[in-house]
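Here is a briefing for a reader who is new to this structure. Please look through the sequence and the model before reading on.

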Amino acid sequence: MKPLKADLMILFITICWGSSYLFMKMGLDTLGEFNLIALRFGLAFILAAAIFYPRLRQVNLRTIRYAMLLGSILFIMFTALTFGLKTTTTSNAGFLISLTVVFVPLIHTFLFKKKIEKKLIASILLALTGITLLTIQLPFTFKIGDLFCIAAALCYALHINVVSSAAQKVDTLSLGILQLGFTGLYAFVMSLILETPVLPSTTHGWIAILVLSMVCSALGFILQTIAQKYTTATRTGLVFSLEPVFAAMFGFWFAHEIMNSVQYFGAALVFLSVVIASVEVNTLKRSNMRNRPRIKKENTAA
């Protein structure tokens, strides 16, 4: 798979996850936080495992270990995210969770001792500016939910980096499915301890759980692990920075939330940052070299 196709796949995932904010709020109306996570990832695992059961029979211990690690990261991330959404404003949560775009290259640099390209630094700064204009509404107040969202962003970035490394060593499809199962298992245990696990009691609740499990989790996280084998963690983080843009779009279409001109400008900056990050400088240089007119050397008689 070419890097461009992998980036487009991640863009599709980002669109799915942009819708998840709307469905998570719908689900939290009738379900507890751990109950919601358990149902979301548990159903996603059952569905994916049923479809790809022959592939899972060949799984090795190394894949299971990576899946346990990724599942724990996802569990902590979504726990922080669900509590954050209940205790802070949507605009604050959107900005703080989108800090993933900054945390990904920083964690990648720390873990793998690699330098960040100049164009990616420019893209990160542009994305941050766009995210700020898109999601921050003054006055900016700091609440306990903001800390939860920062923790979610850190876990999000760590997950992207670990997936980027694991995708080169194990079967990505099996890894993507198993991490869903471990995430759902951890959440179910916590729900048994702190809550009373129940099924959704309303039609809206069932719609939220089914979309979150089948589209946002099963399809989203499996495609992410496959796509990241063919692109970088930093570029993945930048494409994921579009999530608040799509979240705003879904809010406009289904919750009738209206964006102002400043927010539209911010959304345009985020899109521009992803375009800049996706352009391969070396490819452009090679293209320019090919397009230069060639000067033929005249043969001289000896």
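This is a predicted model: local features need pLDDT of at least 70, side-chain atom pairs count only at pLDDT 80 or more; totals for chains, interfaces and linings use all residues.

Residues are numbered from 1 along each chain as its sequence is written, and side-chain values use heavy atoms, with hydrogens and water left out. A search of the whole structure gives two cavities of 30 Å³ or more, three salt bridges and zero disulfides.

**Cavities**

- A cavity is a set of points, on a 1 Å grid over the protein atoms alone, where a 1.4 Å probe fits but cannot get out; lining residues have an atom within 4 Å of a point.
- Grid points are joined across faces, edges and corners, and a volume is the space filled by probe spheres set on the points.
- The largest cavity has a volume of about 90 Å³.
- Its lining consists of Trp 17, Ser 20, Tyr 21, Met 24, Arg 40, Met 77, Phe 78, Leu 81, Ile 97, Tyr 156, Phe 221 and Glu 243.
- Helices α1 (3-28) and α4 (61-87) each give at least two residues to the lining of the largest cavity, and α1 has the largest share, four residues.
- Helices here are DSSP runs (H or I, at least four residues), numbered from the N terminus.
- By class, the lining of the largest cavity holds nine nonpolar, one polar and two charged residues.
- In these classes Ala, Val, Leu, Ile, Met, Phe, Trp, Tyr, Cys and Pro count as nonpolar, Asp, Glu, Lys and Arg as charged, and the others, Gly among them, as polar.
- The second largest cavity has a volume of about 50 Å³.
- Around the second largest cavity lie Ile 97, Ser 98, Thr 100, Val 101, Tyr 156, Gly 237, Phe 240, Ser 241, Glu 243 and Pro 244 as lining residues.
- At least two residues of the lining of the second largest cavity come from each of α6 (100-112), α11 (233-240) and α12 (243-254).
- Five nonpolar, four polar and one charged residues make up the lining of the second largest cavity.

**Helix α12**

- The twelve residues of α12 should span 16 Å at 1.5 Å a residue, and the end C-alpha atoms are 16 Å apart, which agrees; the expected span is 1.5 Å times one less than the number of residues.
- Buried residues in α12 are Glu 243, Pro 244, Val 245, Phe 246, Ala 247, Ala 248, Phe 250 and Gly 251.
- Buried means under 20% relative accessible area, exposed over 50%, and partly exposed in between (1.4 Å probe, protein chains only).

**Salt bridges**

- A salt bridge is a side-chain nitrogen of Lys or Arg within 4 Å of a carboxyl oxygen of Asp or Glu.
- Arg 235 and Asp 7 form a salt bridge through their side chains, at 2.2 Å from N to O. This pair links distant parts of the chain, with Arg 235 in helix α11 and Asp 7 in helix α1, 228 residues apart.
- Arg 235 is buried at 8% relative accessible area, and Asp 7 is buried at 5%.
- In the salt bridge of Glu 33 with Lys 86, the closest N and O atoms are 3.3 Å apart. Glu 33 lies in helix α2 (residues 33-51) and Lys 86 in helix α4, so the pair ties together parts that are 53 residues apart in sequence.
- Glu 33 is buried, with a relative accessible area of 12%.
- Asp 171 and Arg 55 form a salt bridge whose closest N and O atoms are 2.8 Å apart. The pair links distant parts of the chain: Asp 171 is in the loop between α8 (144-166) and α9 (172-194), and Arg 55 is in helix α3 (residues 53-56), 116 residues apart.
- Asp 171 is partly exposed at 28% relative accessible area, and Arg 55 is partly exposed at 38%.

**Cysteines**

- A disulfide is a pair of cysteine sulfur atoms within 2.5 Å, and the search finds zero of them.
- Cys 16 is in no disulfide, as the nearest cysteine sulfur, that of Cys 216, is 6.0 Å away. That distance of 6.0 Å between the sulfurs of Cys 216 and Cys 16 is too far for a bond.
- Cys 16 is buried at 8% relative accessibility, and Cys 216 is buried at 0% relative accessible area.

**Phe 188 and Phe 41**

- Phe 188 lies in helix α9 and is partly exposed at 40% relative accessibility.
- Phe 188 and Phe 41 are 147 residues apart in sequence, with their C-alpha atoms 9.7 Å apart in space.

Methods
On a 1 Å grid over the protein atoms alone, a cavity is a set of points where a 1.4 Å probe fits but cannot get out, and a pocket is an open set with protein on both sides within 12 Å along at least five of seven lines; lining residues have an atom within 4 Å of a point.
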